[in-house]
Amino acid sequence: MGLWSRTLLALLSGPGRRGGIRGWASSSWLPHLPPAGLVSATELVSHWTAVFEERGIPEARESSEYIIAHVLGAKTFQSLRPALWTQPLNPRQLRCIQELSSRRLQRMPVQYILGEWDFRGLNLKMAPPVFIPRPETESQVIAVDKGEAAIRLTHENARRLQLQDRIRIVPLDVTLEGSWAHLLPWAPMDLIVSNPPYVFHWDMEQLPPEICSYEDPGALDGGEEGMDVIAHILALAPQLLKNSGSIFLEVEPRHPDLIGSWLQSQPHLCLDLVTVRRDFCGRPRFLHIQKSEPQRGCLVDPRPA
(Lines give C-alpha, C1' and ligand atoms only; values in the text may rest on other atoms or scores of the structure.)
Protein backbone atom coordinates (compact mmCIF):
# COMPACT_ATOMS: atom_id res chain seq x y z
CA MET A 1 0.00 0.00 0.00
CA GLY A 2 1.46 3.34 -1.07
CA LEU A 3 2.02 6.35 1.11
CA TRP A 4 -0.95 8.22 -0.31
CA SER A 5 -3.34 5.39 0.44
CA ARG A 6 -1.98 5.05 3.96
CA THR A 7 -2.19 8.71 4.81
CA LEU A 8 -5.19 10.10 6.62
CA LEU A 9 -6.38 13.59 7.32
CA ALA A 10 -9.05 13.96 9.97
CA LEU A 11 -10.37 17.36 8.90
CA LEU A 12 -13.22 17.22 11.34
CA SER A 13 -16.03 19.66 10.78
CA GLY A 14 -19.51 19.45 12.13
CA PRO A 15 -22.61 18.74 10.10
CA GLY A 16 -23.10 21.58 7.69
CA ARG A 17 -24.80 22.66 4.58
CA ARG A 18 -23.40 23.81 1.35
CA GLY A 19 -24.12 27.48 1.14
CA GLY A 20 -23.93 29.57 -1.96
CA ILE A 21 -23.39 33.27 -2.40
CA ARG A 22 -25.91 33.89 -5.15
CA GLY A 23 -29.00 35.76 -4.11
CA TRP A 24 -27.35 37.45 -1.13
CA ALA A 25 -29.75 40.19 -0.08
CA SER A 26 -28.36 43.37 1.39
CA SER A 27 -28.99 47.05 1.05
CA SER A 28 -25.87 48.02 3.00
CA TRP A 29 -23.99 48.97 -0.16
CA LEU A 30 -26.46 51.60 -1.29
CA PRO A 31 -25.02 54.48 0.79
CA HIS A 32 -21.57 53.54 -0.45
CA LEU A 33 -22.11 54.00 -4.18
CA PRO A 34 -19.02 55.51 -5.79
CA PRO A 35 -19.30 59.18 -6.71
CA ALA A 36 -20.45 59.97 -10.24
CA GLY A 37 -17.62 59.61 -12.74
CA LEU A 38 -15.64 57.16 -10.56
CA VAL A 39 -15.45 54.33 -13.05
CA SER A 40 -11.88 53.00 -13.37
CA ALA A 41 -10.53 49.96 -11.53
CA THR A 42 -7.85 51.97 -9.73
CA GLU A 43 -10.38 54.58 -8.55
CA LEU A 44 -12.76 51.87 -7.37
CA VAL A 45 -10.03 50.13 -5.37
CA SER A 46 -9.34 53.40 -3.55
CA HIS A 47 -13.04 54.04 -3.00
CA TRP A 48 -13.90 50.62 -1.59
CA THR A 49 -10.71 50.51 0.46
CA ALA A 50 -11.82 53.72 2.19
CA VAL A 51 -15.32 52.32 2.74
CA PHE A 52 -13.98 49.07 4.18
CA GLU A 53 -11.56 50.92 6.46
CA GLU A 54 -14.36 53.18 7.69
CA ARG A 55 -16.47 50.11 8.53
CA GLY A 56 -13.56 48.31 10.23
CA ILE A 57 -13.21 45.57 7.61
CA PRO A 58 -9.87 43.73 7.97
CA GLU A 59 -7.46 43.78 5.02
CA ALA A 60 -9.46 46.55 3.39
CA ARG A 61 -7.24 47.16 0.36
CA GLU A 62 -6.63 43.46 -0.28
CA SER A 63 -10.38 42.82 -0.13
CA SER A 64 -11.20 45.55 -2.63
CA GLU A 65 -8.40 44.48 -4.98
CA TYR A 66 -9.49 40.82 -4.99
CA ILE A 67 -13.13 41.72 -5.64
CA ILE A 68 -12.41 44.13 -8.48
CA ALA A 69 -9.84 41.81 -10.07
CA HIS A 70 -12.36 38.96 -9.89
CA VAL A 71 -15.03 41.00 -11.68
CA LEU A 72 -12.48 41.88 -14.37
CA GLY A 73 -11.52 38.22 -14.85
CA ALA A 74 -8.18 38.13 -13.02
CA LYS A 75 -6.88 36.39 -9.88
CA THR A 76 -5.18 39.46 -8.44
CA PHE A 77 -5.26 43.17 -9.14
CA GLN A 78 -1.54 43.11 -9.91
CA SER A 79 -2.08 40.51 -12.64
CA LEU A 80 -4.49 42.77 -14.56
CA ARG A 81 -3.23 44.23 -17.80
CA PRO A 82 -2.14 47.82 -17.02
CA ALA A 83 -4.62 49.12 -19.57
CA LEU A 84 -7.48 47.78 -17.43
CA TRP A 85 -6.39 49.81 -14.41
CA THR A 86 -7.64 53.07 -15.96
CA GLN A 87 -10.17 51.77 -18.47
CA PRO A 88 -13.81 52.70 -17.61
CA LEU A 89 -15.92 49.82 -16.33
CA ASN A 90 -19.33 49.10 -17.81
CA PRO A 91 -22.57 49.31 -15.76
CA ARG A 92 -22.76 45.53 -15.32
CA GLN A 93 -19.25 45.38 -13.87
CA LEU A 94 -19.99 48.30 -11.54
CA ARG A 95 -23.16 46.61 -10.26
CA CYS A 96 -21.27 43.36 -9.68
CA ILE A 97 -18.52 45.13 -7.71
CA GLN A 98 -21.14 46.88 -5.59
CA GLU A 99 -22.91 43.59 -4.89
CA LEU A 100 -19.73 41.71 -3.93
CA SER A 101 -18.47 44.62 -1.85
CA SER A 102 -21.76 44.68 0.06
CA ARG A 103 -21.08 41.07 1.07
CA ARG A 104 -17.66 42.03 2.36
CA LEU A 105 -19.35 44.78 4.40
CA GLN A 106 -21.34 41.93 5.98
CA ARG A 107 -17.96 40.41 6.92
CA MET A 108 -18.29 37.51 4.50
CA PRO A 109 -14.75 36.18 3.85
CA VAL A 110 -13.31 37.05 0.45
CA GLN A 111 -12.84 33.33 -0.30
CA TYR A 112 -16.60 32.75 -0.07
CA ILE A 113 -17.40 35.92 -2.01
CA LEU A 114 -15.23 34.85 -4.94
CA GLY A 115 -16.33 31.21 -4.74
CA GLU A 116 -12.77 29.95 -5.26
CA TRP A 117 -9.31 30.33 -3.80
CA ASP A 118 -5.78 29.44 -4.90
CA PHE A 119 -3.95 27.38 -2.29
CA ARG A 120 -0.43 26.01 -2.76
CA GLY A 121 -0.81 25.92 -6.54
CA LEU A 122 -4.31 24.40 -6.45
CA ASN A 123 -7.46 26.27 -7.41
CA LEU A 124 -10.12 25.20 -4.90
CA LYS A 125 -13.82 25.96 -4.96
CA MET A 126 -15.03 27.65 -1.78
CA ALA A 127 -18.52 27.69 -0.30
CA PRO A 128 -19.76 28.30 3.25
CA PRO A 129 -19.67 26.69 5.75
CA VAL A 130 -16.71 24.58 4.56
CA PHE A 131 -13.55 25.48 6.45
CA ILE A 132 -11.24 27.83 4.52
CA PRO A 133 -7.65 26.57 4.00
CA ARG A 134 -5.14 29.12 5.22
CA PRO A 135 -1.50 29.14 4.10
CA GLU A 136 0.00 29.45 7.58
CA THR A 137 -1.44 26.10 8.70
CA GLU A 138 -2.60 23.80 5.94
CA SER A 139 -0.94 20.87 4.17
CA GLN A 140 -1.82 18.83 1.09
CA VAL A 141 -3.18 15.51 2.40
CA ILE A 142 -6.05 13.08 1.98
CA ALA A 143 -9.34 14.16 3.58
CA VAL A 144 -11.67 12.40 6.03
CA ASP A 145 -14.59 14.48 7.25
CA LYS A 146 -18.00 14.16 8.86
CA GLY A 147 -19.47 17.33 7.32
CA GLU A 148 -21.64 16.72 4.26
CA ALA A 149 -20.74 20.09 2.75
CA ALA A 150 -17.03 19.42 3.17
CA ILE A 151 -17.36 15.93 1.66
CA ARG A 152 -19.20 17.24 -1.42
CA LEU A 153 -16.72 20.06 -1.95
CA THR A 154 -13.75 17.68 -1.52
CA HIS A 155 -15.16 15.37 -4.19
CA GLU A 156 -15.70 18.34 -6.51
CA ASN A 157 -12.19 19.70 -5.96
CA ALA A 158 -10.71 16.22 -6.48
CA ARG A 159 -12.49 15.95 -9.84
CA ARG A 160 -11.46 19.44 -10.91
CA LEU A 161 -7.83 18.74 -10.02
CA GLN A 162 -7.90 15.18 -11.44
CA LEU A 163 -6.86 13.65 -8.12
CA GLN A 164 -9.62 11.05 -7.83
CA ASP A 165 -7.19 8.14 -8.08
CA ARG A 166 -4.95 9.55 -5.33
CA ILE A 167 -7.57 10.45 -2.75
CA ARG A 168 -9.84 8.29 -0.63
CA ILE A 169 -12.67 10.28 0.91
CA VAL A 170 -14.32 8.68 3.93
CA PRO A 171 -17.42 10.27 5.54
CA LEU A 172 -16.83 9.61 9.23
CA ASP A 173 -17.31 11.03 12.71
CA VAL A 174 -14.41 9.71 14.77
CA THR A 175 -16.12 10.68 18.01
CA LEU A 176 -18.77 7.96 17.52
CA GLU A 177 -18.29 4.61 19.23
CA GLY A 178 -16.84 2.01 16.88
CA SER A 179 -15.78 4.54 14.24
CA TRP A 180 -12.24 3.16 14.37
CA ALA A 181 -13.43 -0.03 12.65
CA HIS A 182 -14.32 1.89 9.48
CA LEU A 183 -10.71 3.02 9.13
CA LEU A 184 -9.05 -0.37 9.64
CA PRO A 185 -9.05 -1.21 5.89
CA TRP A 186 -6.45 1.54 5.46
CA ALA A 187 -4.29 0.42 8.37
CA PRO A 188 -1.45 0.33 9.14
CA MET A 189 -0.97 3.99 8.25
CA ASP A 190 2.22 5.96 8.05
CA LEU A 191 0.66 9.27 9.04
CA ILE A 192 -2.42 10.80 10.57
CA VAL A 193 -2.59 14.51 9.83
CA SER A 194 -5.42 16.29 11.58
CA ASN A 195 -6.82 19.81 11.66
CA PRO A 196 -9.51 19.12 14.28
CA PRO A 197 -11.82 21.52 16.09
CA TYR A 198 -9.51 22.98 18.73
CA VAL A 199 -10.89 26.39 19.76
CA PHE A 200 -11.68 26.61 23.49
CA HIS A 201 -15.47 26.79 23.77
CA TRP A 202 -15.41 30.06 25.70
CA ASP A 203 -13.22 31.64 23.01
CA MET A 204 -15.73 31.01 20.22
CA GLU A 205 -17.56 34.28 20.81
CA GLN A 206 -14.28 36.19 20.40
CA LEU A 207 -13.70 34.94 16.84
CA PRO A 208 -13.91 37.61 14.11
CA PRO A 209 -17.21 37.81 12.19
CA GLU A 210 -15.57 36.44 9.03
CA ILE A 211 -15.16 33.14 10.90
CA CYS A 212 -18.01 32.87 13.40
CA SER A 213 -20.71 34.13 11.00
CA TYR A 214 -19.85 31.99 8.00
CA GLU A 215 -17.65 29.00 8.82
CA ASP A 216 -19.07 25.89 10.43
CA PRO A 217 -18.78 26.20 14.23
CA GLY A 218 -18.55 22.41 14.43
CA ALA A 219 -15.20 22.64 12.66
CA LEU A 220 -13.92 25.09 15.28
CA ASP A 221 -15.40 24.42 18.73
CA GLY A 222 -13.23 21.86 20.53
CA GLY A 223 -15.05 21.90 23.84
CA GLU A 224 -14.13 23.37 27.20
CA GLU A 225 -10.35 23.09 26.67
CA GLY A 226 -10.42 22.45 22.92
CA MET A 227 -9.55 18.80 23.53
CA ASP A 228 -12.82 16.95 22.87
CA VAL A 229 -12.06 15.74 19.35
CA ILE A 230 -8.28 15.73 19.81
CA ALA A 231 -8.61 13.17 22.60
CA HIS A 232 -10.67 10.89 20.31
CA ILE A 233 -8.09 11.13 17.54
CA LEU A 234 -5.25 10.25 19.89
CA ALA A 235 -7.24 7.33 21.30
CA LEU A 236 -7.87 6.01 17.77
CA ALA A 237 -4.33 6.49 16.50
CA PRO A 238 -2.66 3.42 18.03
CA GLN A 239 -5.14 1.13 16.24
CA LEU A 240 -4.36 2.71 12.88
CA LEU A 241 -0.67 3.63 12.90
CA LYS A 242 2.19 1.31 12.16
CA ASN A 243 4.99 1.17 14.73
CA SER A 244 6.87 4.49 14.70
CA GLY A 245 4.01 6.04 12.72
CA SER A 246 3.33 9.72 13.27
CA ILE A 247 0.45 12.04 14.10
CA PHE A 248 0.65 15.68 13.04
CA LEU A 249 -1.87 17.95 14.75
CA GLU A 250 -2.73 21.58 14.25
CA VAL A 251 -3.70 22.94 17.66
CA GLU A 252 -4.23 26.08 19.73
CA PRO A 253 -1.11 27.67 21.29
CA ARG A 254 -2.19 26.51 24.77
CA HIS A 255 -2.43 22.89 23.67
CA PRO A 256 1.18 21.66 23.56
CA ASP A 257 1.40 21.60 27.35
CA LEU A 258 -2.14 20.25 27.75
CA ILE A 259 -1.64 17.46 25.24
CA GLY A 260 1.80 16.59 26.60
CA SER A 261 0.32 16.15 30.08
CA TRP A 262 -2.65 14.20 28.70
CA LEU A 263 -0.37 11.75 26.88
CA GLN A 264 1.66 11.19 30.02
CA SER A 265 -1.56 10.27 31.80
CA GLN A 266 -2.39 7.74 29.04
CA PRO A 267 0.77 5.53 28.85
CA HIS A 268 -1.23 2.63 27.39
CA LEU A 269 -1.55 4.57 24.12
CA CYS A 270 2.23 4.38 23.53
CA LEU A 271 2.24 7.90 22.05
CA ASP A 272 5.04 10.38 22.62
CA LEU A 273 5.05 14.11 21.92
CA VAL A 274 8.16 14.51 19.78
CA THR A 275 8.19 18.07 18.45
CA VAL A 276 6.30 21.34 18.78
CA ARG A 277 6.60 23.68 15.80
CA ARG A 278 5.46 27.26 15.26
CA ASP A 279 3.30 28.75 12.53
CA PHE A 280 4.23 31.71 10.34
CA CYS A 281 3.20 34.04 13.16
CA GLY A 282 5.54 32.38 15.67
CA ARG A 283 2.82 30.63 17.69
CA PRO A 284 3.27 26.98 18.85
CA ARG A 285 0.60 25.38 16.68
CA PHE A 286 1.88 22.07 15.27
CA LEU A 287 2.55 18.87 17.17
CA HIS A 288 4.44 15.80 16.00
CA ILE A 289 3.35 12.79 18.05
CA GLN A 290 4.86 9.38 17.39
CA LYS A 291 3.74 5.86 18.19
CA SER A 292 6.44 4.06 20.13
CA GLU A 293 7.36 0.38 19.83
CA PRO A 294 5.13 -1.86 21.99
CA GLN A 295 6.72 -2.50 25.37
CA ARG A 296 5.76 -4.33 28.53
CA GLY A 297 2.84 -2.56 30.11
CA CYS A 298 2.11 -0.73 26.84
CA LEU A 299 -1.09 -2.45 25.81
CA VAL A 300 -3.49 -0.99 23.31
CA ASP A 301 -7.22 -1.38 23.83
CA PRO A 302 -8.61 -2.44 20.42
CA ARG A 303 -11.84 -0.59 21.23
CA PRO A 304 -10.90 2.94 22.32
CA ALA A 305 -13.46 5.05 24.09
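Predicted model: local features only at pLDDT ≥ 70, side-chain atom pairs only at ≥ 80, totals over all residues.
**View 1. Cys 270 and its positive phi.** The backbone of Cys 270 has a positive phi of about 55°, although the residue is not a glycine. Most residues other than glycine have a negative phi. With a relative accessibility of 5%, Cys 270 counts as buried, because buried means under 20%.

**View 2. Ser 244 within strand S7.** Ser 244, placed in strand S7 (residues 241–250), is a residue other than glycine whose phi is positive, near 70°. Its relative accessible area is 36%, and Ser 244 is therefore partly exposed, a class that lies between under 20% and over 50%.

**View 3. The cis peptide bond at Pro 128 and Pro 129.** Pro 128 and Pro 129 are joined by a cis peptide bond with an omega of about 5°, and Pro 129 sits in the loop between strand S3 (122–125) and strand S4 (144–145). Most peptide bonds are trans.

**View 4. The largest nonpolar core.** This core holds 33 residues, of which Leu 44, Trp 48, Phe 52, Ile 68, Phe 77, Leu 89 and Ile 97 touch the most other members. Two or more residues come from each of helix H1 (41–54), helix H2 (60–71), helix H4 (91–105), helix H5 (110–114) and strand S2 (116–119), and H1 gives the most, with 6 residues.

View 5. In soluble globular proteins, nonpolar side chains tend to be buried together.

How values were computed: Residues numbered from 1 in each chain as written. Heavy atoms only, no water. Helix = DSSP H or I, 4+ residues; strand = E, 2+ residues; numbered from the N terminus. Buried < 20%, exposed > 50% of the residue type's maximum accessible area, 1.4 Å probe, protein only. Core = buried A, V, L, I, M, F, W, Y, C linked by side-chain atoms within 4.5 Å.
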